[in-house]
Amino acid sequence: SVASRTVKAPKKAKTVRVRYSPKAQDAVDGPVPVKCKPGSGSLFKVARTTKVTCSAEDTSANVATASFTVTVRKKR
């Protein structure tokens, strides 16, 4: 799981690139790949909170999903 987070943007920025690396672990398969929308490294708008939804699928086609928020604020 990934915790919601707040990012500080440079004073004149309109967007900020935010990276995150969620991980998923399956009891049988071990670590499984995680896909998020928007993906890590995406641009997020300043003064806005965006919901990120991630999913992971094991080799048996079991899917787990989780979400968190990214809030971008201007530096003061």
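This is a predicted model: local features need pLDDT of at least 70, side-chain atom pairs count only at pLDDT 80 or more; totals for chains, interfaces and linings use all residues.
Visitor: Which strands make up the open sheet, and in what order?

Guide: The open sheet has four strands in the order β1-β8-β7-β5, and their pairing is mixed. β1 (5-9) and β5 stand at the edges with a single partner strand each, so one side of each is left without a neighbour in the sheet. On average, neighbouring strands of this sheet are turned by 30 degrees against each other, with direction ignored.

Visitor: And how many bridges join β7 to β8?

Guide: There are 10 bridges between β7 and β8, and the two strands run antiparallel. Within that pairing, Ala-56 has Ala-64 of β8 as its bridge partner.

Visitor: Switching to pockets, what volume does the largest one have?

Guide: The volume of the largest pocket is about 270 Å³, and 21 residues line this pocket.

Visitor: Which of those lie nearest its centre?

Guide: Lys-23, Ala-24, Val-34, Ala-56 and Ala-64 lie nearest the centre of the largest pocket, and this list includes Ala-56 and Ala-64, which are bridge partners.

Visitor: Where does the largest share of the lining come from?

Guide: That share comes from β8, which gives six residues to the lining of the largest pocket, while β3 (24-26), β7 (48-57) and β8 (63-74) each supply at least two.

Visitor: What is the lining like by class?

Guide: The lining of the largest pocket has 11 nonpolar residues, together with six polar and four charged ones.

Visitor: Now Gly-41: is that residue buried or exposed?

Guide: Gly-41 counts as buried, because its relative accessibility is 10% and the buried class covers values under 20%. As for its place in the chain, Gly-41 lies in the loop that connects β5 (34-37) and β6 (42-45).

Visitor: What does Gly-41 touch, apart from residues up to four places away in sequence?

Guide: With those residues not counted, Gly-41 touches Arg-17, Val-18 and Arg-19. Gly-41 and Tyr-20 are 21 residues apart in sequence, and their C-alpha atoms are 7.5 Å apart in space.

Visitor: And Leu-43, where is that found?

Guide: Leu-43 is in strand β6, and once its neighbours within four places in sequence are left aside, Leu-43 is in contact with Thr-15, Val-16 and Arg-17.

Visitor: How far apart in space are Leu-43 and Asn-62?

Guide: From C-alpha to C-alpha, Leu-43 and Asn-62 are 30 Å apart in space, with a separation of 19 residues in sequence.

Methods. Residues are numbered from 1 along each chain as its sequence is written. Side-chain values use heavy atoms; hydrogens and water are left out. Buried means under 20% relative accessible area, exposed over 50%, partly exposed in between (1.4 Å probe, protein chains only). Contact means heavy atoms within 4.5 Å. On a 1 Å grid over the protein atoms alone, a cavity is a set of points where a 1.4 Å probe fits but cannot get out, and a pocket is an open set with protein on both sides within 12 Å along at least five of seven lines; lining residues have an atom within 4 Å of a point. Grid points are joined across faces, edges and corners, and a volume is the space filled by probe spheres set on the points. Ala, Val, Leu, Ile, Met, Phe, Trp, Tyr, Cys and Pro count as nonpolar, Asp, Glu, Lys and Arg as charged, and the others, Gly among them, as polar. Two strands pair if DSSP finds at least two bridges between them. Axes are lines fitted to C-alpha atoms, for helices over the stretch in contact, and angles run from 0 to 180 degrees between N-to-C directions.
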